[in-house]
Amino acid sequence: MITADLVIVGGGIVGLATGQEMQRRQPGAKVLIVEKEQTVALHQTGRNSGVIHAGVYYPPNSLKARFCREGAAATRAFCVAHGLAHDTCGKLIVATDEDEVPRMEALFQRAQANGIAIERLSGAEARAREPAIAAIAALWSPATGIVDYAQVARTMAQLFADQGGQVMLGARVLSGHESASGVQLHTTSGAISAAKVVVCAGLQADRMARAMGLPVDFRIIPFRGEYFRLLNQPEDLVKSLIYPVPDSERPFLGVHLTRKMGGGFTVGPNAVLAGKREGYAKTDVSARDLADSLSWPGFWKMLARNARPAAGELAASALRGLYLKKVQRYCPQIRADDLAPYRAGVRAQAVARNGRLIDDFLFLESDHMLHVCNAPSPAATAAMPIAAHIADRLLGQG
Ligand SMILES: Cc1cc2nc3c(=O)[nH]c(=O)nc-3n(C[C@H](O)[C@H](O)[C@H](O)COP(=O)(O)OP(=O)(O)OC[C@H]3O[C@@H](n4cnc5c(N)ncnc54)[C@H](O)[C@@H]3O)c2cc1C
């Protein structure tokens, strides 16, 4: 039987940041990260837009607003400290018709309330900054940037190991039993006994909480985000990131034009209900995952409330022309044959019984466990403050 002071389930960026933080605060402790895949950062962490969000969008006083603002600075500092490439290239949020202007204004107010640097631009000012972009007005967020989160996560794993932590790969946690003294984990690599357990299982968060005996009144619903890589366009097509004004009713930010750290651009992601939690092709379906979505009353309530956007996303996923239109609204020179397939990601979004998409980060705690139950975007940006929050809770400092 393996024993540890702390076991962290999940080798995505949240688990790895937590491992590092706990190892830093308790240098003598035995900390073990258990990951079911053969390498870290294989799911959300390695399949996202790579944006260091500044924190424009999130309700003031939410955990997202606070952790994102702190996390953007922490991510940049981490990159500087460890020689990782990143680029604070800024972001334009562009309105392309009059209807979007009030929503853009609301975002401006929100960014200000969150203490985020933000500037209003006229259409002419936006076009002077980015000549390839059509806009009648825009917001400029200078603190937004890009990074390769898989590289950040791998660096965290290495630092964690260098500090004496252990990453156990290829070991799936199946269940856990909490007793008065700690938690017994049952894994595909044997039993592990831990004084404390933190679960950062991303797309499996609800199942892990249930399998460890916690009351769970939400379900993870997977939303696939499909991207294209941009071909045939100049390397200086845009200097910054280009985002549409998001739909204020939905947590997704809309199809954006994103610079990549290695050069070039991606377009995406959309947000399509997925048939498999950790499946990345359109055709990937898991009977268990699908049954879990369809048997959740909140799924149907969510669908009823969002029937039009859900159908629109599905149509744009099937028909490239519809997807293209979303980008052409703000970048008219992009053509259908500029879009080449690119790897998709799947978002873990917790949905409540009443059909509400749980917006903020969500944690569930018991005497010896802390489960990260909802850590969608911007949790890659916010991973380090999330880790500090978890460490505070575990050490009784929060
Ligand atoms: C399409 C897309 C675009 C995004 N864009 C951005 C962005 O630009 N900026 C940003 O800040 N955020 C973005 N996000 C969100 C961000 O990627 C996630 O919030 C973040 O990566 C969550 O990290 P995590 O460690 O919680 O989850 P994950 O990275 O999914 O890691 C969870 C890990 O747990 C492991 N695991 C699960 N179950 C078990 C088990 N039973 N036993 C052992 N291991 C297990 C998994 O294998 C996985 O490695 C995006 C997400 C997606 C999908």
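**Exercise 1. Work out which helix and which strand each supply at least two residues of the shell around the ligand, then describe that shell.**

Step 1. Start with secondary structure: helix H1 (13-25) and strand S18 (339-352) each supply at least two shell residues. Helices (H or I, at least four residues) and strands (E, at least two) are DSSP runs, numbered from the N terminus. A quick note before going on: this is a predicted model, where local features need pLDDT of at least 70 and side-chain atom pairs count only at pLDDT 80 or more, while totals for chains, interfaces and linings use all residues. Residues are numbered from 1 along each chain as its sequence is written.

Step 2. Look for the nearest residues. The ligand has 41 residues around it, and Gly10, Gly12, Gly202, Gly225 and Ala379 come nearest. Here a residue is near if its C-beta atom, placed from the backbone, lies within 6 Å of the molecule.

Step 3. Sort the shell by class: 18 nonpolar, 17 polar and six charged residues. Ala, Val, Leu, Ile, Met, Phe, Trp, Tyr, Cys and Pro count as nonpolar, Asp, Glu, Lys and Arg as charged, and the others, Gly among them, as polar.

**Exercise 2. Find the strands that pair with S12.**

Step 1. Take strand S1 (residues 2-9). S1 and strand S12 (residues 190-199) run parallel, over seven bridges. Strands count as paired if DSSP finds at least two bridges between them. On this side, Thr3 has Ser193 as its bridge partner.

Step 2. Now try strand S11 (residues 183-187). S11 pairs with S12 in the antiparallel sense over five bridges, and a hairpin of two residues joins S11 to S12. Ser193 turns up here too, as the bridge partner of Gln184.

Step 3. Finish with strand S20 (residues 369-374), which is parallel to S12 over three bridges. Val198 has Leu370 in S20 as its bridge partner.

**Exercise 3. Decide whether Val198 is buried or exposed, and list its contacts.**

Step 1. Count neighbours. Val198 has 28 other C-beta atoms within 10 Å, so Val198 is buried. The cut-offs are 20 or more for buried, 12 or fewer for exposed, and partly exposed in between, with C-beta atoms placed from the backbone.

Step 2. List the contacts. Leaving out residues up to four places away in sequence, Val198 touches Leu6, Ile8, Thr18, Leu370 and Ile390. A contact means C-beta atoms, placed from the backbone, within 7 Å.

Step 3. Check the chain separation: Val198 and His371 are 173 residues apart along the chain, yet their C-alpha atoms are separated by 5.7 Å.

**Exercise 4. Identify which residues touch the most other members of the largest nonpolar core.**

Step 1. The core has 123 residues, and Val7 and Ile386 touch the most other members. Such a core is a set of buried Ala, Val, Leu, Ile, Met, Phe, Trp, Tyr and Cys residues joined through C-beta atoms within 7 Å.

Step 2. Find the top contributor: helix H11 (residues 383-394) gives the most to this core, with eight residues.

Step 3. Zoom in on Ile386. Again skipping residues up to four places away in sequence, Ile386 touches Val14, Ala17, Phe67, Phe361, Ala375 and Ala379.

Terms used:
Contact = placed C-beta atoms within 7 Å.
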